[in-house]
Amino acid sequence: MKRRFAILLLIACLQPSLFAGERPRFTCGVGWGSVTHFYENGYSLYITPDKYLAENFINDWKLNFNAAFELRAGIACRRCELYAYSGYRGYAPGTLQLPAGLRLQLFVGRQKRVEGCFLTADSSVGIPLRKGEIHSFSALCGGGYRLRLSPSFAIDYSLVLNYGRARPNKITDPISNQVIDTEDIRNAFVNQFGIGIGMALVF
């Protein structure tokens, strides 16, 4: 379904009749930022240090900071921009993966130049960089502001709500308070909710 949506969106952007005859143009950029997760829930099944099988349910309000860096490239059609991006991102404690995602930006207002406020949404899959990790997922939506410095250069500022699902690479047994080795984790996942801020240089 996500792939079909992306294909339909790309076809729509390439239709000149929908954008007053303006031809699509190539755009690229580099961005960085951070996501502060404040709530998480999940489940884990693991072997304890005493060699017992145990499970733990997570339902907690706590802060978890994850940094992100990305390179992006895509097409822009008047007030619509569609990017593919990759870079690096932390998804869960002890987990660092390579994101591969799509982002859509829609600009509001009637400016002749693409600048000002915009709405944004994206989804990405985290590609594991370490042995034993599995793919993670992240989605976000929010808005931002583009500061146009020249016809070919701008800065994007964004504020978004973020959802992420990952398999944590580190688990602490609540009884013994010891960290569980990765090979002793039988099943685990965590859903995280947070707020992200970012900045990007757009060319």
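Two strands pair if DSSP finds at least two bridges between them. I kept that rule at hand for the strand entries below.

**Ground rules**

I am working from a predicted model, in which local features need pLDDT of at least 70, side-chain atom pairs count only at pLDDT 80 or more, and totals for chains, interfaces and linings use all residues. Residues are numbered from 1 along each chain as its sequence is written, and side-chain values use heavy atoms, with hydrogens and water left out.

**Entry 1: overall make-up**

I listed the elements and got one helix and ten strands. Helices (H or I, at least four residues) and strands (E, at least two) are taken as DSSP runs and numbered from the N terminus. In sequence order the pattern reads α-β-β-β-β-β-β-β-β-β-β.

I then looked up burial, where buried means under 20% relative accessible area, exposed over 50%, and partly exposed in between (1.4 Å probe, protein chains only). Of the 203 residues, 40% count as buried. The protein exposes about 11600 Å², and carbon and sulfur atoms supply 64% of that area. Accessible areas come from the Shrake-Rupley method with a 1.4 Å probe, and for residues only the protein chains shown count as cover.

For contacts I used heavy atoms within 4.5 Å. Among contacts with a separation of 6 or more, 62% are between residues 24 or more positions apart.

**Entry 2: strand β1 and its partners**

I followed β1 to β2 and found 22 bridges, with the two strands antiparallel. Two of the bridge pairs I noted are R25 with A76 and G31 with E70. β1 and β2 form a hairpin with five residues between them.

β1 also pairs with β10, antiparallel, through 17 bridges. On that side N41 stands opposite N191 of β10.

Y39 lies in β1. Y39 counts as buried because its relative accessibility is 19%. Beyond its neighbours within four places in sequence, Y39 is in contact with N59, D60, W61, K62, N191, Q192 and F193. D60 is 21 residues from Y39 along the chain, and their C-alpha atoms are separated by 5.9 Å.

**Entry 3: G101**

I checked G101, which is found in β4. Is G101 buried or exposed? G101 counts as buried, because its relative accessibility is 11%. Leaving aside neighbours within four places in sequence, G101 is in contact with Y83, A84, Y85, S123 and S124. From G101 to Y83 the C-alpha distance is 8.2 Å, at 18 residues apart in sequence.

Most residues other than glycine have a negative phi.

K51 is found in the loop between β1 and β2. K51 counts as exposed because its relative accessibility is 62%. N177 lies in the loop between β8 (171-172) and β9 (179-180). N177 counts as exposed as well, because its relative accessibility is 61%.

**Entry 4: the cavity**

Rolling a probe the size of a water molecule over the atoms shows where empty space is left. On a 1 Å grid over the protein atoms alone, a cavity is a set of points where a 1.4 Å probe fits but cannot get out, and lining residues have an atom within 4 Å of a point. Grid points are joined across faces, edges and corners, and a volume is the space filled by probe spheres set on the points.

How many cavities of 30 Å³ or more are there? I count one cavity of 30 Å³ or more. The largest cavity holds about 440 Å³ of space.

Its lining has 34 residues, and E70, R89, R103, L140 and S158 lie nearest the centre. The elements giving two or more residues to this lining are β1 (25-47), β2 (53-77), β3 (80-92), β4 (95-107), β5 (116-128), β6 (136-150), β7 (153-166) and β10 (185-202).

By class, the lining of the largest cavity divides into 13 nonpolar, 15 polar and six charged residues. Here Ala, Val, Leu, Ile, Met, Phe, Trp, Tyr, Cys and Pro count as nonpolar, Asp, Glu, Lys and Arg as charged, and the others, Gly among them, as polar.

Note on methods. 1 Å grid on protein atoms, 1.4 Å probe; cavity = no way out; pocket = protein on both sides within 12 Å on 5 of 7 lines; lining within 4 Å.
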